[in-house]
Every structure is written in structure tokens, then in C-alpha cells.
Amino acid sequence: MHLTVLAASGPTGLSLTRQALERGHIVRAIARDPDRITVPDAPGLTKIVADVFHTDEIDSALEGSELVLSGLGVPKGTKPGVLTAGARSAVASGARVIWLGAYGTGPSAAVASALNRLILSGLGAEVADKVESDAVVTEAGGTVFHAGPLSNKPISPSRRTVGLDASPKSIFRIMVSRDTVAAAMLDEAENPRFPGQIAVPLTR
């Protein structure tokens with residue numbers, strides 16, 4: 001498959017890029033600073049400079065994409081609205097979109113634990129940005145992965161992905177590694193199970 005990874009220099013984006021190449025896909029990796037895409041050069045990898053706040057730039061980078069996987073987050077010091085801007089550009093490209101969201105926001109807030117909601121309550125405007133970007137993606141038929149607290153552990157051998165109706169409430173049961181989330185997103189790219197829905201990646 002020909003895949004485009006948005007925010008390919010971030011922790012999840014790097015994992016998406018690396019694992020996609022390992023699976024034999026062709027990858028267009030987008031980042032504001034491509035030097036930070038620390039995945040070894042490979043015949044199937046193209047690195048592109050683009051910023052989601054520069055509409056012409058990001059639209060050009062996404063043009064012709066078949067499928068966009070986003071590891072876009074909100075690094076400290078980032079202007080508000082980065083997620084929504086990225087989601088709108090990804091959807092406008094006409095590609096199928098697989099998006100990274102946060103468990104306990106938007107639709108998953110109703111099934112998350114009180115502890116999970118409390119932790120996220122301090123994020124303020126960032127939560128509103130997450131909710132809006134998720135809605136942009138799901139309304140266009142894309143899939144949003146609501147991941148719990150992320151770790152740097154390897155891919156879980158017993159990983160699985162469920163819908164919101166089957167997700168656990170305990171914050172400890174939804175903790176998951178970035179590599180496991182990336183693997184789940186790539187599984188969805190290869191075998192769509194949750195179009196237009198929220199999916200929850202789990203360690204077991």
C-alpha cells in the first residue's frame with residue numbers, strides 16, 4: 001500500500017513509519033523537520049517538509065494520498081488548533097484517514113473511568129481540539145484510535161482492538177505502548193474494521 005504518515009517525526013509517527021516499511025508498504029513521511037524522522041533511509045520512504053498551519057504546504061504534501069495515518073499530537077508550545085487543522089487537511093485530500101486520538105475525550109468520555117477523565121480535564125483547549133479533529137475524521141468515514149496512556153514498551157503479542165462498546169473502564173487496562181498503537185492503526189489500514197468509528201487499542 002501507499003501510505004502517508006502525518007507528524008512522522010513524533011514518537012507515534014516514527015513507529016508508524018518504521019512498522020509500515022517493515023510491512024513492505026511505500027511511505028510518504030511528513031514532518032516540519034524531516035531530519036527528525038530518524039528512520040533509516042529506505043527505497044520505499046520519502047520524507048516531506050510540511051506544517052499543518054501552512055495550508056498550501058500541507059495540502060501539497062498530502063495531494064494524491066490514498067491513506068493518511070496520523071501521529072499528530074500537541075507538543076508543548078504548539079499553537080491551539082493543530083489537530084483540527086491537520087484533520088481538515090487530511091480529509092480534504094480525499095484519502096482514507098486513520099487518526100490518533102485520546103481515550104477519555106469526546107465519545108469515549110462516557111465509557112472512561114473517572115480517573116481517566118480527571119487526568120484529561122487539565123488539558124483545557126487541547127481537549128476541545130481533540131474532540132473537533134476526531135469529529136472531522138469520523139464524519140468523513142475515517143477511523144479514530146482512542147489510546148490510553150502511552151508507554152515505550154514493545155508491541156504486545158496479545159494486542160487487540162475493540163470498539164467503544166467493548167472497551168474497559170479501568171485506566172490501567174487501557175495503558176498501551178506507542179508501538180502497539182501504531183501496529184493497530186496499520187492493521188486497520190490493511191483490514192478496515194472500524195470505518196467512521198472510534199477504535200480502542202488494547203495490550204490484551
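Which residues does Ser89 touch, not counting residues up to four places away in sequence? Ser89 touches Ile58, Asp59 and Leu62; a contact means heavy atoms within 4.5 Å. This is a predicted model, where local features need pLDDT of at least 70, side-chain atom pairs count only at pLDDT 80 or more, and totals for chains, interfaces and linings use all residues. Residues are numbered from 1 along each chain as its sequence is written, and side-chain values use heavy atoms, with hydrogens and water left out.

**Overall build**

- The protein chain has six helices and ten strands. Both are DSSP runs numbered from the N terminus: helices are H or I with at least four residues, strands are E with at least two.
- The radius of gyration is 16 Å, close to the 17 Å from the globule rule for 204 residues, so the protein chain is as compact as a globular protein of that length. This radius is taken over C-alpha atoms, and the globule rule is 2.2 Å times the number of residues to the power 0.38.
- The C-alpha trace spans about 45 × 35 × 30 Å along its principal axes.
- Of the contacts with a separation of 6 or more, 72% join residues 24 or more positions apart.

**Burial and surface**

- Of the 204 residues, 51% count as buried. Buried means under 20% relative accessible area, exposed means over 50%, and partly exposed is in between (1.4 Å probe, protein chains only).
- The protein chain exposes about 9300 Å², and carbon and sulfur atoms supply 54% of it. Accessible areas come from the Shrake-Rupley method with a 1.4 Å probe; for residues, only the protein chains shown count as cover.

**Two serines**

- Ser89 sits in helix α3 (residues 82–92). Ser89 is buried, because its relative accessible area is 7%.
- Ser108 lies in the loop between β5 (96–102) and α4. Ser108 has 0% relative accessibility, so it counts as buried.
- Ser108 touches Ala102, Tyr103, His146 and Leu164, leaving aside residues up to four places away in sequence.
- The side chains of Ser108 and His146 are joined by a polar contact of 2.7 Å. A polar contact is a pair of N or O atoms within 3.5 Å; within protein, one must be able to donate a hydrogen and the other to accept it, and residues adjacent in sequence count only if both atoms are side-chain atoms.

- Leu115 belongs to helix α4 (residues 114–121). Leu115 counts as partly exposed because its relative accessibility is 40%.
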